[in-house]
Amino acid sequence: MECASIRHFADKRYCYALEKGHFLIRLETKKGDAAGVVLHVQDKYLPLKYMDTRRACQMRVVCSDDYIDYYEVEVDIDVICLRYFFEIRDTMGQVLYYGNHNFYDRCITDIDRMFDCPQTLREEELFELPAWAKNKVVYQIFPSRFATDKAISDGEWYQAPIGHQADLKGSLRGIIQHLDHIRNLGVDVIYMTPVFCSNSSHKYNIDDYYKIDPSFGTKEDLKELVDKAHALGMYVILDGVFNHTALDFFAFQDVMEKQEQSVYLDWYYIDGFPLEMERGKKPNYKTFGYAAPMPKLNLQNRATADFVIDVATYWIRACDIDGWRLDVADEIHHAFWKRFRREIKAVKKDALIVGEIWHFAGDFLEGDEWDSIMNYQFYHAVMDLVITGHMRASSFVGKLNFMRGNLNQKLEGYLWNFIDTHDTPRFLNSVQNDVRKQQLAAALQLLLPGMPMIYYGDEVGMDGGMDPDCRRGMLWDTDRQNKTLLGYYQRLIQIRHAYPVLTEGAVVEQYADDEKGLIYIERVLDKQSIVLVFHTQDGNEALQVLSGMKNLVDGGVFLGSLGGYETAVLLRV
């Protein structure tokens with residue numbers, strides 16, 4: 001048994017409350033190293049001579065990645081403080097006992113050699129997530145290119161490739177006029193990239209956080225959009241650019257004018273004057289990605305933090321938005337995000353807070369900062385599996401399980417799973433317009449737990465290269481749309497909504513066949529069983545053992561074979 005691979009900490013990553021009195025405890029071991037794990041628990045303060053509170057709970061492997069088995073067990077407790085240790089048996093029959101970061105060859109009886117869990121402390125750290133958002137379908141809109149209520153020629157609207165400066169006159173009222181398309185697709189949540197006053201098409205350099213960009217409309221237009229979306233059963237998330245501002249933002253304008261004498265000097269990270277902002281050279285002040293037009297805000301400064309919090313709460317109060325997606329969120333310190341969460345939730349308890357982060361974000365997802373992330377781990381896994389072919393089917397499953405095993409169990413239904421965004425090439429472009437591959441990627445998005453985020457136009461086959469070409473005008477001309485692809489997206493979303501077992505069901509079997517390129521997942525919920533089979537390679541693959549089951553994708557009987565990059569959703573009856 002490889003002891004160095006056994007991992008547990010008595011903190012809210014490995015031992016946490018799912019609800020009052022109901023706890024989850026997790027242990028990691030090297031993949032395939034352990035044959036079984038038993039959790040032993042007892043009350044810290046009740047001596048055994050007065051009451052024997054000892055219990056043994058069998059743990060199970062809930063998932064595995066390429067290297068680690070994740071053992072979990074849920075236990076009901078009613079104590080002041082719980083003491084516990086693990087009994088680990090390997091495949092050769094050896095048994096070790098693990099408590100308080102030490103290994104023993106005999107059962108642990110000294111409570112000071114056990115792990116410690118104060119019940120009330122962990123319950124007060126309970127991760128509370130907006131119930132409305134779990135497993136909902138998100139639709140990302142780039143407002144300047146999605147829809148317009150103004151006159152514009154087809155030549156202008158459908159220009160390709162497209163540049164940063166192209167003005168397609170996109171507007172909030174244009175979005176309002178196309179809410180039927182979004183709702184008919186089956187979308188639950190609309191996420192818009194920034195809508196505030198800015199001189200760019202992307203609006204990630206904001207001049208005025210309290211004003212809707214005039215090219216998009218007015219505050220009243222935003223309020224109408226939110227109200228109409230709510231009436232259709234949808235929610236609206238705005239993009240919060242709180243890491244940096246534009247050069248024309250009032251505070252930075254004051255710094256440029258008054259330099260060391262500016263009362264806003266501490267709003268930024270200025271290394272000296274005169275300010276150096278020549279294109280192609282590193283500025284002498286902190287920015288987003290060394291981009292001189294985007295000076296970075298100093299949110300350790302109380303006045304700056306107060307301003308950002310006021311902006312974020314203002315738009316919730318003014319327009320009843322349902323939350324924020326936070327740009328470059330991992331470059332802002334934890335103390336600010338803890339305060340941000342407290343103050344946002346005080347205004348709207350079920351507001352959703354989603355951080356943009358391109359790597360693993362466990363330290364931001366412990367219940368006191370964000371509710372979710374843009375799941376780039378999912379994006380990169382799909383890219384390596386479907387686009388480049390560098391990833392095996394088993395490794396793809398392992399990537400999903402890494403997230404499942406390393407984050408709070410509740411988060412599985414909240415991660416924003418996407419296959420492209422305004423920051424990446426269009427998926428269809430990356431697979432050289434092989435629609436079969438996009439259908440596979442969409443199936444991985446839409447048939448697994450999480451919040452699948454569809455980038456506007458993917459559902460109708462939009463093309464486009466790297467930013468800014470991935471931000472073309474939406475294909476509203478039906479002759480330009482791939483109607484087969486649109487029907488496929490609609491069907492998968494209908495299945496997702498109609499069969500909660502896909503996202504809420506317990507996994508009873510999961511495996512991958514790398515030689516055949518198959519991923520097999522069976523889930524059960526309330527006596528309903530669904531089998532998912534993803535074929536991640538070209539060619540046909542026989543699956544006779546599953547023939548005769550109803551395939552929800554086409555509504556017919558599964559004939560026991562999958563084509564290249566094809567997906568089956570099979571209902572056991």
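Trainee: What should I know before reading the values?

Mentor: This is a predicted model, where local features need pLDDT of at least 70, side-chain atom pairs count only at pLDDT 80 or more, and totals for chains, interfaces and linings use all residues. Residues are numbered from 1 along each chain as its sequence is written, and side-chain values use heavy atoms, with hydrogens and water left out.

Trainee: What is a pocket, and what volume does the largest pocket have?

Mentor: On a 1 Å grid over the protein atoms alone, a pocket is an open set of points where a 1.4 Å probe fits, with protein on both sides within 12 Å along at least five of seven lines. Lining residues have an atom within 4 Å of a point. Points are joined across faces, edges and corners, and the volume is the space filled by probe spheres set on them. Here, the largest pocket has about 940 Å³. Its lining counts 41 residues, with R404, E412, G505, V507 and R523 nearest the centre.

Trainee: Which element gives the largest share of that lining?

Mentor: Helices (H or I, at least four residues) and strands (E, at least two) are DSSP runs, numbered from the N terminus. Helix 11 gives the largest share, six residues. Other elements supply at least two residues each, including helix 10 (376-387) and strand 24 (518-525).

Trainee: How do the lining residues divide by type?

Mentor: Ala, Val, Leu, Ile, Met, Phe, Trp, Tyr, Cys and Pro count as nonpolar; Asp, Glu, Lys and Arg as charged; the others, Gly among them, as polar. In the largest pocket that gives 18 nonpolar, twelve polar and eleven charged.

Trainee: And the second largest pocket?

Mentor: Its space is about 650 Å³. It has 28 lining residues, and H202, F288, G289, A291 and M294 are the closest to its centre. Strand 17 (residues 291-295) gives the most, four residues.

Trainee: Is R426 buried or exposed?

Mentor: Buried means under 20% relative accessible area, exposed over 50%, partly exposed in between (1.4 Å probe, protein chains only). R426 counts as buried because its relative accessible area is 0%. R426 sits in the loop between strand 21 (416-417) and helix 12 (427-430).

Trainee: Where does G560 lie?

Mentor: G560 is in the loop between strand 27 (550-551) and strand 28 (561-562). G560 is buried too, at 0%.
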